[in-house]
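Have the 3D view ready as you read.

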Amino acid sequence: MILISLIAFVLPILAGLVFVSLLWPDRRWQENLALKTSLAVGAGYGIISCLFFIWLLCSGNAHYSAYFATECALLALSAALLIARARKRDDRPVWHPNAAPSPTPRTRLLILGAFLLLMFSRIAAGLIEAVGQPSGDADAWGTWNFRARFLFRGGPNWNDLAQYGYPHQTDYPLMLPLSVARGWHAAGVETAAVPIAIGIFFTFGSVLLLFSALSFLRNQVRGFLASAVLMGTPFFIIHGARQLADVPLAFFILAATVLFCLQDRLATRSFAPVAMAGVACGLAAWTKNEGLLFLGCIFLARLVTVTLNRGWRSWLSETPCFLAGLVPVLAVIICFKACFAGPNDLQLGHNLAGLATPSRYYYIAKEFARRAFTFGQWQEFGPVPFNPVPLLAGYLFCFGISLRPREAAGVATSFLALILALAGYFCVFLLTPHDLVFQVTTACDRLFLQLWPSLLFICFMALPSPIAQPQPLKSD
Amino acid sequence: MPEGESLMNAGYPARIQVGLVLVFLLVLLPGLPQIVSKPGEWKRVRPEDSIVSRDRRFAQLRDALPKRGTVGYVTDGPLVRPLGDGRVHSVFQITQYCLAPLIVVNSTEPEMIVGDFSSMESGAQVIARQHLVVARWFEQGVCLLRKGGQ
């Protein structure tokens, strides 16, 4: 039984790894393994949750042995496809070479060791937090695990809650509840270990994604620094351990951001990273409603940046691939929203008068500015609080940014998408029918946290190197 | 020679190495006391998790209730209160969570009503005041009630 449960835990990650490897531009399976594995955490859990939702609709929430057999069969089939693909050799260079200075092999080994030591120490801290509070935060048990209980205990009546609507938040998407319910079905028992494990996977999947993406696109030093800053953000680790959906959402936003930057590094005419970015954006929307906002923001941001950078033909040529990744997940979301979800609290009533109230603008702007420096709860982290926000802001202000023209579109897309998402959050606060102070106090830090890993990625992509770059001689 | 290769061969300047070690220590050291001191507290913290303890409290009642439908709710204290883990909770919301997939409504109108009392004595007063009838008492002040006269 324990073995089956373990397989059920690991199977989504394996499925994600096969999926990412099938789409990965480089056919050699051992290349970019850390990057592919980190992307696999989110891709696997996200895609399996969509599959589980389809099974739920087809089977009436029953026949789980058959479901797990189907999962295994699909995984085996995909693995066979992957092996067949890997056998076709293709020695053409897949990526443009990296221009950033790389450390020596010895330094690389030291950095990797330091990264792993930090990561294991933070995993231990996260597990201690999770075990001390196995039900997680109020939002975790009150929203996500509550829905998971309906899915696990409710049988064919899993959606009874929808008829009651607000305040049960029945319009929230089901990626997390489905993943938790699937884990309980696999374990055969309702155990806190499942949501805790999912929370830990997404938290440290984000850390590994940040490290491996920057190590590949820049160098290991930047990867280490960015991931150390993320691991040194207490709110992020605590939030992940307390099973809140903001961390999985942050993972998918980061994944989309990374994949758009990977697209710009490609030397071959392939749009596989953009297609995977489409999947990541869809899964962000399948995780939280804020993900829908991010999807709109990144679509608009990509249109603007690629059109300005390379012309609209370039945007037209990559967009079908983005949509090919997005549409299957979006179809699941639309099915859920149209047939099973209750009304959204903003649909039930919004405060249009808020748009014409200057004091609301002032209050929200003031809180945004203040919380931008405090949302990570750095002040609670040890005797020497390590707040990276002023340091990064100061460094950027003094030294500016350093990007190659080829990389500009990906970084600009991500940066513009984050700015638009922040503007979207601002508007939601303006329009909220609930008490503004309560909303901002309870939600603002979490919204910043959703964008934090991506912002770190963009900063460490764009920061100029502190090492003076060798200037080419005129005769060169 | 590709850009940056000379740097790769030469390694990083000392100031960069010192900076990296500093960042490493700034992230590692504050977290260590948490790891070293907290494992001993696991056993202390776990039973106090208010959701886990209330889940256990409602376990017998859950078995006695139907698997689907709506039940009412009545209690002798405020709906939002501290529950021993340092946090303030809505006891009504926790009850809803514990009894899922039943729907719990904060009312005595449904046919079956969940009584959630601090003690049997305190519960008996509320039951009499609301003209309810006890169908069954469970442990720790939990009971199943029906409307009076049924």
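Which element gives the largest share of the lining of the second largest cavity? That would be α7(A), with 3 residues. Keep in mind that this is a predicted model. Here's the rest of the tour, by topic.

**Overall build of chain A**

- Chain A has 18 helices and 0 strands.
- Its radius of gyration is 22 Å, close to the 23 Å that the globule rule gives for 476 residues, so chain A is as compact as a globular protein of that length.
- Of the 476 residues in chain A, 58% are buried.
- Take the contacts in chain A with a separation of 6 or more: 82% of them join residues 24 or more positions apart.

**Nonpolar cores**

- In soluble globular proteins, nonpolar side chains tend to be buried together.
- Here, the largest nonpolar core holds 147 residues, and A:F53, A:W286 and A:F457 have the most contacts inside it.
- Another core, of 25 residues, lies apart from that one, and its members include A:L161 from chain A as well as B:V91, B:V142 and B:L144 from chain B.

**The largest cavity**

- The structure holds 4 cavities of 30 Å³ or more, and the largest contains about 90 Å³ of space.
- Among the residues lining the largest cavity are A:F19, A:L39, A:F251, A:F252, A:M276 and A:L283.
- Helices α1 (2-23), α2 (33-59), α10 (246-265) and α11 (272-287) of chain A each give two or more residues to that lining.
- Sorted by class, the lining of the largest cavity has 12 nonpolar residues, with no polar and no charged ones.

**The second largest cavity**

- The second largest cavity has a volume of about 80 Å³.
- Its lining includes A:W144, A:N145, A:V180, A:P195, A:G199 and A:Q243.
- At least two lining residues come from each of α5 (138-153), α6 (175-187) and α7 (193-217) of chain A.
- By class, the lining of the second largest cavity has 7 nonpolar, 3 polar and no charged residues.

How values were computed
Residues numbered from 1 in each chain as written. Chains lettered and ligands numbered in written order. Predicted model: local features only at pLDDT ≥ 70, side-chain atom pairs only at ≥ 80, totals over all residues. Heavy atoms only, no water. Core = buried A, V, L, I, M, F, W, Y, C linked by side-chain atoms within 4.5 Å. Buried < 20%, exposed > 50% of the residue type's maximum accessible area, 1.4 Å probe, protein only. 1 Å grid on protein atoms, 1.4 Å probe; cavity = no way out; pocket = protein on both sides within 12 Å on 5 of 7 lines; lining within 4 Å. Points joined across faces, edges and corners; volume = space filled by probe spheres on them. Helix = DSSP H or I, 4+ residues; strand = E, 2+ residues; numbered from the N terminus. Nonpolar A, V, L, I, M, F, W, Y, C, P; charged D, E, K, R; others polar. Rg over C-alpha atoms; globule rule 2.2 N^0.38 Å. Contact = heavy atoms within 4.5 Å.
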